[in-house]
Every structure is written in structure tokens, then in C-alpha cells.
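User: I am new to this structure and would like to go through some of its local features with you, step by step.

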Amino acid sequence: TKLENFVSDMNPRPVEHLHIFTESVVTSTNGPTKLYLDKTSVEHNFWGSSILSSQQDAVKSAKDLNDGNVFSADVTGITLSTMVQ
């Protein structure tokens, strides 16, 4: 990505290796998972999106915009230990 290239070209380089994970979340297990979406907190860049379907902003979005059904996106779950390898 552009960000990875930018950081890799810095002198001095702040990190040895860098990889940006898109469409990924940190979870307790590696593999496919759901990200439940906050679609109402526009002014806060949707900070209520969560891997928990009961998160209050995801629930509010469901009630306000989708007849009570939470919005979700399929993402890849990655454990913290996998990320730092």
C-alpha cells in the first residue's frame, strides 16, 4: 500500500517490517468473523463498529436504519500474537 511504501522509505526507518491489514480485526482466534457496523456516528467516524453484535452503536444503527437487524461485514479475524510475528 502507499502507507507501507511511505514508512519503508523513511530515514531513519521507524520499524523493521510493516504490513497494513485491511478488512481485518484483532480477535481471540484467527479466521473469518463479523464486524457489526455503527452507521449513525458519522461525526465520530463510526467509532461504534464492533465485533460484538450487542455494542450500543451497532444496536442503535439496527433500530434506526434496518428494522432492528444489525449491519455486519465479513472480515478476517487475526490474533494479536499472529500480528506481531
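Analyst: Rings of Phe, Tyr and Trp (its six-membered ring) pair if their centres lie within 6.5 Å, and planes under 30 degrees apart count as stacked, over 60 as edge-to-face and the rest as tilted. This is a predicted model, in which local features need pLDDT of at least 70 and side-chain atom pairs count only at pLDDT 80 or more, while totals for chains, interfaces and linings use all residues. Residues are numbered from 1 along each chain as its sequence is written, and side-chain values use heavy atoms, with hydrogens and water left out.

User: How many aromatic pairs does the structure hold?

Analyst: Such a pair is described by the distance of the centres and the angle of the planes. Under the cut-offs set out above, the number of aromatic pairs in the structure is 0.

User: Which residue lies over the face of Phe 71?

Analyst: A charge sits over a ring if NZ of Lys or CZ of Arg is within 6 Å of the ring centre and within 35 degrees of the ring normal. At 4.4 Å from the ring centre of Phe 71, the residue over its face is Lys 39.

User: Is Asn 45 buried or exposed?

Analyst: Phi of Asn 45 is near 55°, a positive value in a residue other than glycine. Buried means under 20% relative accessible area, exposed over 50% and partly exposed in between (1.4 Å probe, protein chains only). Because its relative accessibility is 67%, Asn 45 counts as exposed.

User: What does Phe 46 count as, by its relative accessibility?

Analyst: Phe 46 also has a positive phi, near 60°, and is a residue other than glycine. Its relative accessibility is 36%, so Phe 46 counts as partly exposed.
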